Each structure stands twice: as C-alpha cells, then as structure tokens.
Amino acid sequence: MRIVCVGGGPAGLYFSISAKLRDAGHEITVIERDPPEATYGWGVVYWNDLLDILHRNDPESARAVSAGSVLWQDQEIRLHGSRHDGTAYFGGYGYSMGRAALLDLLTRRARALGVDVRHGQKLDDPAELPEADLIVAADGAGSRIRQSRVEHFGTRVETGRNPYIWLGTDRQFGSFVFDFEETPAGWIWFHAYPSIQGRVSTCIVECSPQTWQGLGLDTLEAEDAVPLLEKIFHRALDGHSLISRSRGEPAKWQRFSHIVNRTWVDGRVVLAGDSAHTTHFTLGSGTRLAIIDAIVLAHSLSRYPDLPTALREYDRHRRAELHSTQAGARSSMAWFEQLDDYLDRDPVSFAYAMSVRTGRQSPWKYQAHLATQIAAIRSARRAYDTGRRWYRDRRRGEAPLPLLGRSLPG
C-alpha cells in the first residue's frame, strides 16, 4: 500500500514505524514542512504505561525512548499569595524527554525501516492531496487537511480563555512543579518538569486574560516579556533564566484549542494525533494519545482486509476511547480558567481541589492526600514507587533510570 503521512510529529512518525513493522511492503512517505532542527516546545511528559506500550509494539525504538527519558518523582504545588504561602505535595513519578530528541530518534527508526522521511516539504494545496492509497493527516491541531474538509469531519474547536506560553528554563527541576504567584494584577502560574537531563526544564506559563493585560503582557513582544516573568517567578526559578527560543522560532503567547471531530475518516484520508483531537496541556497526555492512535491505526490496517473497514474500525475504536479523556481535559482547562474560585484556600486544600479537577473522586482520596503531606509518609511512598519502578523496568529488560536531582524535603 502507498501511504503518505502529512506531519512528522509523534503521530505520523510512529504510525510509519508501526505500519512498517506489520507489513514491510508498505511504501510510506512522511512529509514534514519544518526542517529537522525545528520543533515547537521543549519537552513531553509521560508515565510508565506509555513505556510499556512502546516496548510491546517496537522494543528497539522503546529502548531508545527509555534511554533518553528523564525521571522525576513527586509533584509540588507551591502557592505564594497575600493570604496563603506554602507547598503541598502529590505522590507518584513520571518521565519526560526533549521533544526534539524524541522526534529525532523516531525519524531515525522510521528511516531504518525504509520510510521516506522528507523535511522542509509541505503541501501547496491541502485540497489536492498526493497520489496514494492512504493519506494520514497528522499535521497537528492546525491541520490544513482537516480544515479543507471541515464540514465532512464535523470539526468543533473551542478556544480556551487563558493565554499561555511554552518556555524553557535552565533551572533543572527534579520533580513536577506547579508554582502560583500573586501579583498586583492577579495570579499567574507555571507548571514545569525536567526535559533534558542536567540542562533544561519545560516551563509553561499561564494566567487569566485580566492578569495578562494588567501585567502589560498583551503589549510586549513575547521575548521581551521574559525578564518580567523571571522577576515574578524568581523564587521558583532560584536565580535561573527562562528561555524563549528552542531550536526553532521564539515562543509565542497563545490560547488552547480544544478540538473534537464527528469522524476521523474521509475516504482515503484519516486523522491522527492533534489533528483528530486535543487534550489540554495540564493533563500531559498529547504524546501518549498520538502514539496510541498510530498503533491502533497500523493494527487496523493489518487486521482488516479492505481499507474502508480498517479505517472505520480505527475511527470507531479510538473516538470511543477518547470520549472520557477529552471530557476530563475539558474539565481541567475549565478549572484553571476559574482559578480565582479556589485561591482563597490554604495550599493543601487548594492542591486537593486541583487533584480532583477532572471529576475523578474516591471516598478515600482526600484522606490519602492529607497523608501525603506528612514527610515520613512521602518518604515511604517514594521508596515504594522506586521499588515498583525498578520491577517494571527490569521486566522490560531495562536498566532502571536513576532518580533525577535532589530528593524532596522529608
């Protein structure tokens, strides 16, 4: 089968890998408009379940992802305001990786399997698609292919209220940190996590439109706003710098686009990744969902004998799975847009409200959250997580990753 993937992000690249592994006879071309060194954003975040999925699907690329991953443990929620000032904690651990490094290793793996990956090439007219049996539109949230067929796909786009900007910092965080700072214009916050070991962390800054305007961020060029943000977050950054430019263009303020489609299939065109769906960045699930799209699509093509059936089953299966995830992501976005309703609480109560923002609550969850604030229990939880992590890594045949950075207090 002749397949063209439009978009060289995780969805397009990992689909090409997965499809080639199932049928080496596929002729697959990946078209990416940006050069190899250009990518928006700094790091991606994921958990053990994604590493398990990768190892089951393609152990070779999974080992490369694991080797390039940075481990972080625990989450800190820091609240600095006139009424409350302190830190609360969540347990658990996760992984992160530089986005550019992830795309580079997936590109190399795809090429080793015989995929023709072409950078610096784009479609002049998305309505006139290349000659191929299948077109995989993996060209992101702003997909030109999807927009050219918007009525068929039944696309609905809801634009978020809060401005945000995706920055880096040379402060190397050892945990996942949410930092909320009160200013004369209102509250502003970031969430940060390590991306490149020993060098860079991702730092996504967000605030309400009122705070954005009150601080004058709406009138400043994004790069000119960096010194102001460094001043606001000086405690959390501990004297380190924010970085606007990654390997491409400088970061820009934007508002999140929550995208839902009635169908992901139009004849020989199929959507995958952010072109099919988006989930708010506060959930950190975009890369994971794009890779699962890629695997399910490749599996459907190998399982069903005719293309229409394969695409129909992929569409049905993945949209059904995504329903609850996107609903949770929409709730998360709305929670941060209504943050003022919770900022009069003490840090522990505020953190608990954040932890249940997607609606998933259990009778024991609040008591567990209170226990997590006790230093001895946090230490015991970290020891348990470390043992569990070592077991899962060994089961996959990996050398366990060392814990990054300092231990948290207690």
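Helix axes are lines fitted to C-alpha atoms over the stretch in contact, and angles between N-to-C directions run from 0 to 180 degrees. Helices (H or I, at least four residues) and strands (E, at least two) are DSSP runs numbered from the N terminus. The structure is a predicted model, in which local features need pLDDT of at least 70 and side-chain atom pairs count only at pLDDT 80 or more, whereas totals for chains, interfaces and linings use all residues. Residues are numbered from 1 along each chain as its sequence is written, and side-chain values use heavy atoms, with hydrogens and water left out.

Two packed helices are described by the angle between their axes and the distance between the axes. For helix α2 (residues 48-57) and helix α3 (residues 59-68), the axes come within 6 Å and cross at roughly 145°. In this contact (heavy atoms within 4.5 Å), α2 contributes Leu51, Leu54, His55 and Asn57, which meet Pro59, Ala62, Arg63, Val65 and Ser66 of α3. Five of the contact residues are nonpolar, three polar and one charged, where Ala, Val, Leu, Ile, Met, Phe, Trp, Tyr, Cys and Pro count as nonpolar, Asp, Glu, Lys and Arg as charged, and the others, Gly among them, as polar.

Salt bridges, defined by a side-chain nitrogen of Lys or Arg within 4 Å of a carboxyl oxygen of Asp or Glu, number 22. One of them joins Arg382 to Asp74, with 3.0 Å between the closest N and O atoms. Arg382 belongs to helix α14 (residues 375-395) and Asp74 to strand β4 (residues 70-80), so the pair ties together parts that are 308 residues apart in sequence. Both Arg382 and Asp74 are buried, that is, under 20% relative accessible area, with exposed meaning over 50% and partly exposed in between (1.4 Å probe, protein chains only).

A salt bridge also forms between Arg235 and Asp85, whose closest N and O atoms are 3.7 Å apart. Because Arg235 lies in helix α9 (residues 234-237) and Asp85 in strand β5 (residues 85-98), this pair ties together parts that are 150 residues apart in sequence. Arg235 is partly exposed, at 43% relative accessibility. Within helix α11 (residues 307-337), Glu313 and Arg316 are three residues apart, about one turn of the helix, and form a salt bridge at 2.8 Å between the closest N and O atoms. Glu313 is buried, at 17% relative accessibility. A network of salt bridges links Asp52, Arg392, Asp393, Arg395 and Arg396.

Zero disulfides (pairs of cysteine sulfur atoms within 2.5 Å) are found in the whole structure. For Cys203, which is in no disulfide, the nearest cysteine sulfur is that of Cys207, 13 Å away. Cys203 is buried at 0% relative accessibility, and Cys5 is buried with a relative accessible area of 0%.
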